Amino acid sequence: MTVGVHKTMKGALLVSLITSSACGSSPAQGEFQPGEELVCDLDLALIADGGVGRDGIPALTDPLFLPAFPRTDENSYFRPTDRVIAYWSAGEWLVIPHNIMWRHEIVNLPEVAISYCPLTGSALAFSRLSAGGAEFGVSGLLYQANLIMYDRTEPESLWPQMLGEARCGPKSGQKLERVPLIEMPWEAWIELHPDSKVLTLTPEMDDPTWYFDNPYGSFYGNLYNDDFLGFPIPIDDRRPPKELVLGVPEDNGRSTAFPFLAMEEVGQKAVIEFEYDGEPAIVLFDASRQAAGAYRATVEGQDATLTATLHGFVDDVTGTTWAVDGTPLSGPLAGSGGATLRQIPDAHVAFWGAWAAFNQGTTLAVGG
């Protein structure tokens, strides 16, 4: 549906939502002031007002990162089992715990915006350069229960996170360049990369205890909980609604999902072969680290086959053993600096219910 929205973008959307009874959320606390007209290419029946208003969930810009050790009050606001998002930047790993993203949802770094939507379980990073260097904020609106970002330019545009492109405003149709991420529990990550830097609390970020617990409750992420807080979202019952999946979209509209539980049935460590953009690709899954990554099936520029072993994934080109995050653990390429598997940047983790809603008709690589 294409909708013309005049004067106040958010107010106009809210009127449409209330008329169609799309959700029972409270009226917004903030308003967009985009100018005379803003055109949206979204189905209004699947848009909802989150009830917090624009910037009611405050995105962070250029936050402080410090070494993970020693642990201090500023970097111990999460537990060993809490999941974290890791991003490779200028020769070092930067780690952002989900706990921060529960409360802020977007972290603007100099060249990249890292986003996480707690309602859809989706973590994606985008090049800010692909949006003209824009700084992103949280609009307070949701599409299929998913975060809608906005860019702080004049006039602004709206960017549903899992679509990765603008769907309202002057940049409508413009796609964001995706940047690869990897996520897993903190205790699993720090075993691999003890020299990581972690996003550190600053005095203006309030009481650290605010970040201890998921504001949506411990039951929200329950495997079989099909409630997305009442926000409209189509349900695909082929997998449990809150199962984590690694999803791989393609420009041709096809997509493939790799459910964590189904991969665990293949093995504690599993290599799943598939085709991406007409070329061989693989997904590596490590149940002990509750992590998965999608990669091109090459090592050092040569076609490669990887085999799951007790200690990792061994390639048949160099004999190197790789971790699930695509970094070398042992063998000829270990310690070589910069040697990594080629990660597919479009691949990302999300709840199955959200992935299936945004990628209807998706292929299940396993567990279908």
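Biologist: Which ring faces does Lys242 lie over?
Modeller: Lys242 lies over the face of Tyr220, at 3.6 Å from the ring centre, and over the face of Phe351, at 5.8 Å from the ring centre. A charge sits over a ring if NZ of Lys or CZ of Arg is within 6 Å of the ring centre and within 35 degrees of the ring normal. This is a predicted model, where local features need pLDDT of at least 70 and side-chain atom pairs count only at pLDDT 80 or more, while totals for chains, interfaces and linings use all residues. Residues are numbered from 1 along each chain as its sequence is written, and side-chain values use heavy atoms, with hydrogens and water left out.

Biologist: How many aromatic pairs are there?
Modeller: The count is 13 aromatic pairs, taking rings of Phe, Tyr and Trp (its six-membered ring) whose centres lie within 6.5 Å; planes under 30 degrees apart are stacked, over 60 edge-to-face, the rest tilted. One of the pairs is Phe258 with Phe274, edge-to-face at 5.0 Å centre to centre and 65 degrees between the planes.

Biologist: What does that pair of Phe258 and Phe274 tie together?
Modeller: Phe258 is in strand E18 (residues 255–259) and Phe274 in strand E19 (residues 269–276), so the pair links parts 16 residues apart in sequence. Helices (H or I, at least four residues) and strands (E, at least two) are DSSP runs, numbered from the N terminus.

Biologist: Are Phe258 and Phe274 buried or exposed?
Modeller: Both Phe258 and Phe274 are buried. Buried is under 20% relative accessible area, exposed over 50%, partly exposed in between (1.4 Å probe, protein chains only).

Biologist: And which rings make up a cluster?
Modeller: Tyr77, Phe78, Trp186, Trp210 and Tyr211 are linked into one by ring pairs.

Biologist: Switching to cysteines. Which ones does a disulfide join?
Modeller: Cys40 and Cys168, S to S 2.1 Å, where a disulfide is a pair of cysteine sulfur atoms within 2.5 Å. Cys40 lies in strand E2 (residues 37–41) and Cys168 in the loop between strand E13 (158–160) and strand E14 (178–179), so the link ties together parts 128 residues apart in sequence. Cys40 is buried at 2% relative accessible area, and Cys168 is buried at 1%.

Biologist: Where are the cis peptide bonds?
Modeller: One joins Phe69 and Pro70, with omega about 0 degrees. Another runs from Glu154 to Pro155, with omega near -10 degrees.
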